[in-house]
Every structure is written in structure tokens, then in C-alpha cells.
Amino acid sequence: MSDELGVVKILDGNTFVVSDDRGDVEATPSSPTGLFALDTRFLSRWVLTIDGQRLNSLSVDDLNYFETRFFLVPGEAAYYVDAKVSVIRERSIVGSFAETLTVLNHAEVPVDLEIRIEAGSDFADLFEIKDEAIDKKGDYYAEVQDGHLRMGYQRGTFRRETVVSTTEPATVEVGGLTFTVHIPANDKWTAEIHVKSLAVGPGGRDLRMGLRAGGARGRDQMQRELEEWIESAPSLNCESEPLQTAYRRSLVDLAALRYSPIALPGQYLPAAGLPWFMTMFGRDSVFTSLQTLPFVPSLSATTLRILAALQGTRIDDFRDEDPGRILHEFRYGETAAFEDQPHSPYFGTVDATPLFVILLDEYERWSGDTALVHELEKETRAALNWMYEYADLAGNGYLWYERRNLKNGLENQCWKDSWDSLSYSDGRLPGYPRATCESQGYMYDAKVRAARLARLVWNDPAFADRLEAEAAALKERFNRDFWVEEGEYYALGIDPDGGQYDVLTSNIGHLLWSGIVDAARAPKIAEHLVGPRLYSGWGVRTMAVGEARYNPIGYHVGTIWPFDNSFIAWGLRRYGFVEESAMVADGMIDAAEFFQGRLPEAFGGYDRELTKYPVQYPTACSPQAWSTGTPMLLLRTMLGLEPHEGHLAVEPALPEDMGRIELLDIPGRWGRVDAFARGRIEVRKKVFSTAELT
Amino acid sequence: MAGNATLAFFEGLDRRRHEPLLEKIKGTVRFDLQHRGQTEHWLVAIDRGDLAVSREEQDADSVVATDPELFEQLANGTENGVAAGLRGALTIVGSLHLYLMLERLFPSPPDSQGPRRRIRREGRQ
């Protein structure tokens, strides 16, 4: 897949290749290019030359998320290419990385060529690349053995190896493979090159070798699975081309982002994003599952099972683990292995735990799968207990966080997890512990939903009563403590002594989704969300224009996050703001068109009037799971899909310019049903200019 | 050969008879603690949370091999069982899932304090 200029990516699970548009890799310590597996870079150099010349890309075919094809000619880019020789470089990741080189001789005479692939690896851990600090404590080695090039890195018992081999005769040396070939007139030469990425254990065996694994999948099986995946999802017919494109793109990208943990072969949950986050994340997996539940419900079931299986059981300050807490992030690289980083797994998230409970209830409402609710009763109770027993750090009934790992635990454990995402309106950063508003909303919703499950499935009405009483008390308290009188919105967070982070942020949209907002205050919240300070014309900004830390390209302080907007649209609909919800959906689908249907992690918060197109945030992941899930959740909110007493209610609120929509075969406890809608909501396209505000 | 924490860990499992955290799994995990050519075996049989520990050397669904020193540290909480696996200091053959589930029963690191609650809470609201 290629979305940025000159960057081509293919992947299978947590093995992926990021290269330039020639297929070459020339990684620098800080660039996430190369062949990666197990959060480790196995190839940092992979360069093809013919007679010492680099190649030039004519075109790139994205065949699939796991295979791509480059058409190349030798020599530098030129306006007019008249090559006697051309190259087809096909690559795939089907378990491991493989490349097929085909060199075509277009001349009437034979040619003799020296075809070379330079290969090298720095075995960098993804976190070393992220932090731009590769400081290896172990030793590198490289050797040629039985015609294979073996490159390795060893630190104590930790060993990772890259093994390169080919089907054709070649001179194999440390540093690369050279083919000396004679190609007759109008003929071709082909070689396959295989690259294995190994985690070598004692005795030289791969650590994964003896594991009961799902068995390697072949290319045809992967292709078949992808087709089945697309076929089993509801089909969309609509007049809006951007929406149609975004839906199709999302389905395929979601298939690509499916990730099967080594311990549970064959079970898939969504990984968070390429290239930085191809692993299990509590929050991202749950949000993506919630977004995609009406379309691919199987992701929700496995996400719940896997997160439950890895729920915290201990008090571990380094990993910020407590009993009942749902994990944040799981990694397999050197920094996790040697505890330079705490991801084995790391639990520093305040919201994954309530979100887990919310997903279980939402999943049951759609699927009717009470067996899973039974199966996860203990884990759900433990999650609820965690909020009370371990996360109420100020002892006042709110959900707080403060990292105990002071070295590299997360300072912010909410979805806006960058260091400067929380502030007061004057820009000062708050102290600890911190309680953000949307986390209180999630906790409220988790209690309300768990009460429903306790009554319906666990046969524990007393527990349900208690949860409902706690939720009601929380709602009342929250509306008192978090309400910013002057601005008439909810504070981003509060201090233990009650001081408010009085900034206006997108977080208030999640509050609508959670149901914690007082009905009387909801109109004001809706007004803010689509008002000039938050709404850019493309979407709702993470932070409002006018706040001290506002920056249209600040990661969590001004950019627009598609996933955030999808939950805001859901929240607006929940409180009956159909026009505002349609407006948010409409702006986001308009934006998707500029990204060929693939919404990025975040884009700039500039006014739509000003830039005319959405400006992508520089280092954002793409595809990113919860951006991928965004068009699906927007479809749900526009169609007004809600499970209701065993059937699916459809109550469309579709922007006018979407035209007609039919979504066929929506799966759920009702079997499969169709939804139809016609665009009737006139969306205010006029966008305010923030220049008028400041 | 087995250290105090190791003995306490396995005896604890055996005494517990039932562990709610293991109710979703069924299978056997054998720990092979290897030291100077000698191997000590501990077999943990799990049946939907019911536990039985023995010293038998028989086939198991998951075989975990390591040295007694590291295992002692896992059993006293000073080392982490997942990080050790990633390092290759401990190897697993068979079901990784069974090992990961059992790994969750290793104790907390002794120096971990847990959440620092600022204000004492008075009763549940």
C-alpha cells in the first residue's frame, strides 16, 4: 500500500516492509523504513542495482496489503525513458518476506548484467528508532553459510537473525548478493530471494518453532481469507463516491491491520497502526472494535477474549500494572526483553479498562452472545473493581491516573497521551494525579452497561442496583465538579483539590457518547462542537482555537483526529443532535476524499476556508486502525443503526449530498438485515473563519 | 536444587487446589529446571482452574525450560516471566498460551508499592 509520496508498505501481522517507490531500503537511525518483525528491524539496507546503477520507478502496483509490484528501469529519472532492460520487482509477506526479481531484455541482442542486492541490518528496536537513539549493547555478526547470508545480533540469550537466500546461482558475501547473468535477446531472467527473520533460542532454533502455532498460511489462503473477509461484511451501495471509496478502503485496511498474537494463533484483533503500532493496544483495539461492530463483529469477540486473558493480576510499578487493569501495549523487541521499556506488557492506560466493559455490553447488544458475557463475568467484575480499588487515587470517586514508572511510563494515560496534551487555559500543565473528563464518562457508561449485564446475564440484581446508584451519583458529582460556568462546557480535567483544566477540547464530544452529560446542558455542548472554535469545516479539533496551547499541527492540541470525530458524531446522535452529527460525518467524508478514502491518524486543524484541503500531520501512522474504523462508525451514525429489543432499528439522518445509501446484510442477533436511506439533512457547509475570533 | 521461592510457588499452587484466573484453561505445563546436566521437573495440571502439582516427567502441553536461578527470581517476583521469554532466557515448547496464563500467577515485584492514594477514602459512595 502506498499513500505518502514514495513510501510503499506491505504487511502480514507484525511483519512489514516499508520502502521507497523503487522497493529500496536505506534506513537512517530515525526513519521507520526497512523489514520489521517482532518490533525489530531485520533489514535496514536493501538496495537493488544493475551494473552498479540504481533503478528508477516507472510504476508501483498495490496488489494486496501483503504484496506489491514495482516496475523499474536502470538509471536516473528522466523525462524520456528508453530502456533496453527493465525490471519487475515483486514482493510479498506471507509469514516471511520474499522477493521475485524478473529482468527483461528488450533488445535484439543478448546482454550480460551484474545484478546486485545490498543487504544489511541494524536490528534496531522500534523504540530506538522512535526515540532516535540506537545504542546497541550486544554484538553484531555476519557470515555466509551454505550460500545463505546470515546476519545476526546477540545480547546474552537474546538473538535475532536475518537469513537471506536465493533460488539462483549467486555470489553471496557479507553485504549482499550478486548475480552475474547472461540474458538472451528478448528473453528474461528470474530469481527468488527469501528473507527470514528469526528469534533464535538456545540450540539455534527459532523461539517460535516449537510453539503450537496456527501453521503457515500460503499466499492463496491469504488471498482467499481477504476475499471472504470482504464478502462477509455488509455491502454498501451509495451515490456518494467518497463514502463508497472510504468504506471499501476501510474494509481492506482493516483486514491488513488484523493481528494475531503469537500465543493465540488464528485469533485476530486489530493492531493499532502502521508502522509504529503494529501490535496489541488495549484502547485502540477496543475503540476500533466498537467502530466496526456492525460490520465485522468477530473482531470484538476476539479483542475482548484476548484483553481479558492478559488482564493485570499483580502490582508492578515498572509496568504500571494492577489487578483487573486492561493492558495498554504489548511489544516483543529488545527494549521489552531487557526491560529498558515496560511493554511486556505495559498497563499505563486509564481508559482501556472501562472501555473493555463498554465493548462487552455493546457487543452483546448487537450479537446476543450472552455466552461470552458469562465467560467474561469475572474479568468484567475485576475491571469494575480496578476502577474503585486502584484508580480512585484522590479518594473522591473519580478515575485518576499517575504513572508509577517514572522512567518511561506514560505521563498521560488517556487517549491524548502526549506529554503536553492536558493544560489549563493559560497553558500551564497540571500536576498529578490527573482526572480527565472523558475517562469519567467512560466509567459512568461502564457502570450503566455492566448493570444491564448483571441483570440480564449474571443474575445479580443487587450488583446491578449498586452499579446504577454509583453511576447516578457519579453523574451528579461530575456535572457539578467539571462544569466550567464561564464558558459553559466541561473542563478537560480536574486536580485533586478540585481545580479545573478549563480548556475547551474535543473531549466534551466523548461525554455525549458516554451519556454522562445532563440533558439540559447537551445543547450547549453540541453548539461548542460545531462552533467556530472547535469545528474547522473538516472536523472537530482536539483543542479549541484561542487556547494558549492551541496549535493546528499540535499532536493533541489542535489537530483533527478522524476517530475522535466518529465518536463525537455518535455522541451527538445519542443526544438527538441529528444535524450536528450529520455535519461532522459530512466533513469527515469530504476529508477522506483527499486521502483516497484512507483517513490518516490526524490532520491539521487549519480552517477549511484557509487551506482548502486537509493537511496531513507529518509523522502520523497510516493506515491507523481507529481512523480505518471511522467511515464505518460514521455510516452507523448516519443510518441511525441501533440494536433495539432483538431487532435493528434504522433511523437515518443523512446529509443531503450523500444521496441514496443502501447497506445490505448487516449482521447481528437478527440474522442479516438491510438499511436504506436518502440524504435529507441540509448540512451547513459554510465555515467560519477563525480570523474573526482572534 | 530448587530454591525457597520456587518450592513455595509450586507448593502454593498445589495447596490452592483451585485458581479462578485459570478457569478458562485446561492442560499441563511442565517446568524443566536445568542445572549442570541435571533437570528438575515440575508438572502443573490445570483443569478449568483446578490445580494439581507433581514432580513427574511426562509429556505436557507446554514445556518451559530455564535454569533454577532464573526460576527462583520469577517465583520471588524479581524477574518477569514475559520479558525472560522474549530474551530467550526461558524457552517454551508447545502452548505459549498456557505458559502466559500461568505466568500471571508469579508474585508482584517485592519493591512495587502500588497506587499512591493521596487521600483516604471513607466508605463506598
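Which strands of chain B does helix H2 (residues 68-75) lie across? Helix H2 of chain B lies across S1, strand S2 (38-47) and S4 of chain B, and runs at about 130° to S1(B). Angles run from 0 to 180 degrees between N-to-C directions, with axes fitted to C-alpha atoms, for helices over the stretch in contact. Helices (H or I, at least four residues) and strands (E, at least two) are DSSP runs, numbered from the N terminus.

This is a predicted model: local features need pLDDT of at least 70, side-chain atom pairs count only at pLDDT 80 or more, and totals for chains, interfaces and linings use all residues. Residues are numbered from 1 along each chain as its sequence is written, while chains are lettered from A and ligands numbered from 1 in the order in which they are written.

Now the sheet itself. Its 5 strands run in the order S3-S2-S1-S4-S5 (chain B), open and with mixed pairing. Strands pair if DSSP finds at least two bridges between them. S3 (50-54) and S5 (91-94) of chain B are the edge strands. Within the sheet, S1 (residues 26-35) and S4 (residues 62-66) of chain B pair in the parallel sense over 5 bridges. Phe31(B) stands opposite Val64(B) in S4(B).

The axes of H3 (residues 241-257) and H15 (residues 578-594) of chain A come within 9 Å and cross at roughly 70°. H3(A) is therefore roughly perpendicular to H15(A) (65 to 115 degrees). Pro242(A), Leu243(A) and Ala246(A) of H3(A) are in contact with H15(A) (C-beta atoms, placed from the backbone, within 7 Å).

Methods:
Parallel < 35°, antiparallel > 145°, perpendicular 65-115°, else oblique. Contact = placed C-beta atoms within 7 Å.
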